[in-house]
Amino acid sequence: MLFDSLDDIRAFCRDLPAGDARAAASAANRQQNLTKPPGSLGRLEELAIWLAQWQGRESPRLDRVTVTVFAGNHGVAARGVSAYPPAVTEQMVANFTAGGAAINQIAGLAGADLHVVPIELARPTHDFTVAAAMDTDEFLTAVDIGYRTVPEDCDLLAVGEMGIANTTTAAMLCAALLGGGAVRWAGRGTGVDDEGLARKRTAIDAALAFHRGILGNPLAVAPALGGRELAGIAGAVLAARRHHIPVLLDGFVATSAVLPLARLDPGALNHCRAGHVSAEAGHRELLRELGLKALLDLDMRLGEASGAGLAILLARAALVCHAGMATFAEAGVSGTDG
């Protein structure tokens, strides 16, 4: 196993590789010389420069794009915090495999390879209101699984998840690491009614009280209050950083999965962009806390990497403009200096 202890993850996050500043500067210079007013393509220009920085080349490529959806089950689901039963997690994994989910359609449109990684669906995490969700070994195993899913030659990685009750887990991680309690972070998730939302908030506040001794400690909180699919996402994001692969994060759950990394090192997510901001309560606030600005805002709350998958299309648009547009000199067009 790559990470034999939580300290291994801590050490890994202390020695994260930086992006290629020279490639980013070259890409920025090219953007200044393309046939358009400087900055007129807005965030498409920033996307192209970001891709150049993390791929280490002035002209980035999206020849191999990967979407990875991690799936896991949660013991806290037994407390009635979701509108759907835990069996739906495995049923949706089967739907992904059969090609019937939204992410199958979006990944196909975006020209991305879709990988679905279920992690011990038959063995949910423990109910974190009365016990640690995972012990250290379980957590490290899930992180390791996620790390090993990432192809080293990938040009762009999008990560998402599937797991009944995982918006409760996401809100739990945010409350434990950022404060504010259940009221700040817990939303309706899959569409729970008022009674379901009350159960969700009660479970989170009970867990905050039960685990009060570890609150604020990212490497204690992640196993005790997280989920296997969230740990898998964290592992994949660490692998992407090691291999200089830019990452598009999906919604509230996927973003909460990497919150512990950001608490270990403020620069741990520099290679990541938020694919979208979801309609789930708390996601916009979490992005603000992490300093991430979403690429899309479409009132989506599906999960399964659907928002990150759509953002791949923006990345492709950014690159065709970056690579395909003529410079002022090539087109014989006068620049701002005449």
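User: Let us take buried as under 20% relative accessible area, exposed as over 50% and partly exposed as in between, with a 1.4 Å probe and protein chains only. Is glutamate 304 buried or exposed?

Analyst: Glutamate 304 counts as buried because its relative accessibility is 2%. Please note that this is a predicted model, in which local features need pLDDT of at least 70 and side-chain atom pairs count only at pLDDT 80 or more, while totals for chains, interfaces and linings use all residues. Residues are numbered from 1 along each chain as its sequence is written, and side-chain values use heavy atoms, with hydrogens and water left out.

User: Where is glutamate 304 placed?

Analyst: Glutamate 304 is in the loop between helix H14 (283–290) and H15. Helices (H or I, at least four residues) and strands (E, at least two) are DSSP runs, numbered from the N terminus. The phi of glutamate 304 is near 50°, a positive value in a residue other than glycine.

User: And what about glutamate 120, where is that?

Analyst: Glutamate 120 lies in the loop between strand E2 (113–118) and H6. Glutamate 120 has a positive phi of about 50° although it is not a glycine. At 37% relative accessibility, glutamate 120 counts as partly exposed.

User: Stepping back, how many helices and strands are in the protein chain?

Analyst: The protein chain has 16 helices and five strands. Of its 338 residues, 56% count as buried. The C-alpha atoms fill a box of roughly 70 × 40 × 35 Å along the principal axes.

User: What radius of gyration does the protein chain have?

Analyst: The protein chain has 20 Å, in agreement with the value near 20 Å for a compact globule of 338 residues. The radius of gyration is taken over C-alpha atoms, and the globule rule is 2.2 Å times the number of residues to the power 0.38.

User: Which residues of the largest nonpolar core touch the most other members?

Analyst: Those are Ile9, Phe139, Leu157, Leu225 and Val237, in a core of 76 residues. A nonpolar core is a set of buried Ala, Val, Leu, Ile, Met, Phe, Trp, Tyr and Cys residues joined through side-chain atoms within 4.5 Å. There is also a second, separate core of 34 residues, whose members include Phe96, Leu295, Ile312 and Ala315.

User: What is isoleucine 9 in contact with?

Analyst: Leaving aside neighbours within four places in sequence, isoleucine 9 is in contact (heavy atoms within 4.5 Å) with Phe3, Phe139, Leu140, Val143, Leu219, Leu238 and Leu264.

User: Phe139 comes up again; which residues of H6 are buried?

Analyst: The buried residues of H6 are Glu138, Phe139, Leu140, Ala142, Val143, Asp144, Gly146 and Tyr147. Their cover includes helix H1 (6–14), strand E1 (65–71), helix H10 (218–225) and helix H11 (228–242).

User: What caps the N-terminal end of H2?

Analyst: Aspartate 20 does, through a side-chain oxygen 3.0 Å from the backbone nitrogen of arginine 22.

User: Which residues of H2 are buried?

Analyst: They are Ala23, Ala24, Ala27, Arg30 and Gln31. Seen down the axis of H2, they fall within an arc of 120°, so they line one face of the helix. The arc is that of the directions from the helix axis to the C-beta atoms. On the other side of H2, Ala21 and Arg22 are exposed. Helix H3 (43–55) and helix H15 (306–324) are among the elements covering the buried residues.

User: Last topic: where is aspartate 155?

Analyst: Aspartate 155 sits in the loop between helix H6 (136–148) and strand E3 (156–162). At 7% relative accessibility, aspartate 155 counts as buried.

User: What does the side chain of aspartate 155 reach?

Analyst: It reaches the backbone nitrogen of aspartate 63 at 2.9 Å. Not counting residues up to four places away in sequence, aspartate 155 touches Gln55, Arg57, Arg61, Leu62, Asp63, Arg64, Ile245 and Pro246.

Technical notes. A polar contact is a pair of N or O atoms within 3.5 Å; within protein, one must be able to donate a hydrogen and the other to accept it, and residues adjacent in sequence count only if both atoms are side-chain atoms.
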